[in-house]
Amino acid sequence: DLHSFPTRRSSDLVTIFVSLTLVGLGLMVSSQAHRTEDSLGSQLTIQVYLCNQYSPVTGPSGKYPTNCSGAEVTAAQKASIENVLKQSSEVKSYKWESQQVAYDLFKKLYGSDTSQSAAYSTVTPADMNESYIITLKDPRQYKNVESALQGVPGVASVHDLHNELAALYTILSYLKWGSIGIAGLLLIAAIFQVVNTIRLATMARRREIAIMRLVGASSLYISLPFLTEILVAAAIGVALAGGAVAVFTQFVVYGKLRHNHVMAWVDWSDFLNAFALLAILGVVLTMLPTLFVTRKYLKV
């Protein structure tokens, strides 16, 4: 068993690496879900865009008038819109979004698109629409709110992505919980493997441990070699897992996904947050079982 100890430690390292990598990817997917909600809205929200100076006064081919008069929405019109929202039993809450906030989001999504930089550079906050972001009590009742706002002066359009968002958030949820679920199983396997490795190691070194006990060595002193070994394995596992998630961020997120400006994508700040959690998780899930097992099996 003593000769097989390095092999078992390598097996611990591989298990820790794979499980923490999946946890890291799950954390990145979770961050992406939050960013998607920030940029597109959740399934419980719809967005009401208000008129500005560029809003059309008539519909296609001038067939029917719109709610806009070719000017910025007035304070009286906004008060009327808010009154409709307050009276609606389907509206849980709402918040107003200024032209500057809309412009900042536009720059965040499209500011890095060098292919359209000349066109995008001419856009100013005055070109954006003010809006109300409405949170619904029931996402299935959004059509009632839409119909109530359709003819209100000052409303340019009511925007919702319920059909598209439902599929998107379902995929994100499956990816997030699937990766975290598999990672959780592997972490449990890693804990049991660490426990088994430490148990075999203490049995193989029972003569040395007995001698150290006879000369008065404390339990902590005897445990230090085991703690050092597992800490090194955890550090290497965390570093490898962080490297794997970094490769994913660089080549998949920055190399492929961030060229699509439909939504805001995760970035290196999300990776650093995920890596910090991986480091804490890697140390905790390896050191605690080691302390427990050595306390039990070092009693000679």
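**Entry 1: the model.** I am working with a predicted model.

**Entry 2: the cavity.** How many cavities of 30 Å³ or more does the whole structure hold? My search of the whole structure turned up one. The largest cavity has about 50 Å³ of space.

Next I looked up the residues around this space. I16, S19, L20, L187, A190, L281, G282, L285 and T286 line the largest cavity. Which helix gives the most to this lining? I found that α9 does, with four residues. Helices α1 (5–40), α6 (162–204) and α9 (268–297) each supply at least two residues of the lining.

Entry 3: I then turned to α7 and α8. Helix α7 covers residues 206–214, and helix α8 covers residues 219–254. I noted an angle of about 150° for their packing, and their axes lie 10 Å apart. Angles over 145 degrees count as roughly antiparallel, so α7 and α8 are roughly antiparallel to each other. Is their crossing left-handed or right-handed? I have the crossing of α7 and α8 down as right-handed.

Last, I looked up who touches whom. From α7 come I209, M212 and R213, and they meet S219, Y221, I222 and F226 in α8. Among the residues of this contact, five are nonpolar, one is polar and one is charged.

Notes
Residues are numbered from 1 along each chain as its sequence is written. This is a predicted model: local features need pLDDT of at least 70, side-chain atom pairs count only at pLDDT 80 or more; totals for chains, interfaces and linings use all residues. Side-chain values use heavy atoms; hydrogens and water are left out. On a 1 Å grid over the protein atoms alone, a cavity is a set of points where a 1.4 Å probe fits but cannot get out, and a pocket is an open set with protein on both sides within 12 Å along at least five of seven lines; lining residues have an atom within 4 Å of a point. Grid points are joined across faces, edges and corners, and a volume is the space filled by probe spheres set on the points. Axes are lines fitted to C-alpha atoms, for helices over the stretch in contact, and angles run from 0 to 180 degrees between N-to-C directions. Angles under 35 degrees count as roughly parallel, over 145 as roughly antiparallel, 65 to 115 as roughly perpendicular and the rest as oblique. A crossing is left-handed if the near helix is turned anticlockwise from the far one by less than a right angle, and right-handed if clockwise. Contact means heavy atoms within 4.5 Å. Ala, Val, Leu, Ile, Met, Phe, Trp, Tyr, Cys and Pro count as nonpolar, Asp, Glu, Lys and Arg as charged, and the others, Gly among them, as polar.
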